Amino acid sequence: MSTDAPASTTYLRDLRELLLRIETEQAGQVEAAARTMADCIARGGIVHLFGSGHSMLPALEIFPRYGSFVGLHPLIDPRLFWFNVLGSFGVPEMLFLQNTEGYADVFLDGQHLQDGDVLLIFSHGGTSAVVVDAARYAKSRNMTVIAVSSSSASAATARHSSGQKLADLADLTIDTFAPRGEALVEVDGLAEPVGAATTVLAMSAGLAAVARTAELLVEAGHPIVQSVRAEADENSAYRSVYDAYEDTLRRRQSGQ
């Protein structure tokens, strides 16, 4: 790659190469994840989506946005994200909770997770306490754990008291190939690279699996309630998705 290219071009080229690696080298993993997710939804189960910090963004992107469908359940805890840099809901508070063992169990207890469900976890390195605890919680309830993470980053030393990382607990992992330092572009005069890629790669891998899941559900004849843009009657369109989503959670809660 030419060193004369501006950093913007270098970033987009490097990102494209990583996406191509996911497409070619992780095709089998994406397919396996999609089949696991489709089987779960077809049985009346739920695919739960989890991440903390910037790894929460893929979960937010998958549902309930346009291009998605009912059967996917984002596990969103505002305390595990930041809305300020400093102060209330700032990064230091989020990092504290993210690295506090036992917090995930308290949060997940009220999130409709049940035997046979799937937990799709987004985490660049898979070493934070909340991610490891979430995977351990799911495994203890006979759920399938799918990880979207980077093999380069997950090579880091375990930080959890159990000695485990997400990679040790996941039944299936889709590798994003993101560099351990997360950013792609070296700039002369800067000690560290710039241009983070982890979120884009994790979102892309997750959405690829979701798209294939939808295709498999249609092939199986399973009815799908989609999140769609309806220009004529947006409120009704939104409400139909939300009602179906709520019904899914209620069925699971009542054990039906």
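A salt bridge here is a side-chain nitrogen of Lys or Arg within 4 Å of a carboxyl oxygen of Asp or Glu. With that in hand, I searched the whole structure and found 8 salt bridges.

Some ground rules for my notes. This is a predicted model, where local features need pLDDT of at least 70 and side-chain atom pairs count only at pLDDT 80 or more, while totals for chains, interfaces and linings use all residues. Residues are numbered from 1 along each chain as its sequence is written, and side-chain values use heavy atoms, leaving out hydrogens and water.

Entry one: helix α2. I looked up Arg35 and Glu31, which form a salt bridge at 2.7 Å, N to O. Both sit in α2 (residues 27-42), 4 residues apart, about one turn of the helix; helices are DSSP runs of H or I with at least four residues, numbered from the N terminus. Arg35 is partly exposed at 42% relative accessible area (buried is under 20%, exposed over 50%, partly exposed in between, with a 1.4 Å probe and protein chains only). Glu31 is partly exposed too, at 24%.

Entry two: helix α8. Glu215 and Arg212 meet in a salt bridge, 2.7 Å from N to O. I noted that they are 3 residues apart in α8, about one helical turn. Glu215 is partly exposed at 43%, whereas Arg212 is buried at 19%.

I then found Glu31, Arg35, Arg212, Glu215 and Glu219 linked in a network of salt bridges.

Arg79 bridges to Asp77, with the closest N and O atoms 2.9 Å apart. Arg79 is partly exposed at 46%, but Asp77 is buried at 1%.
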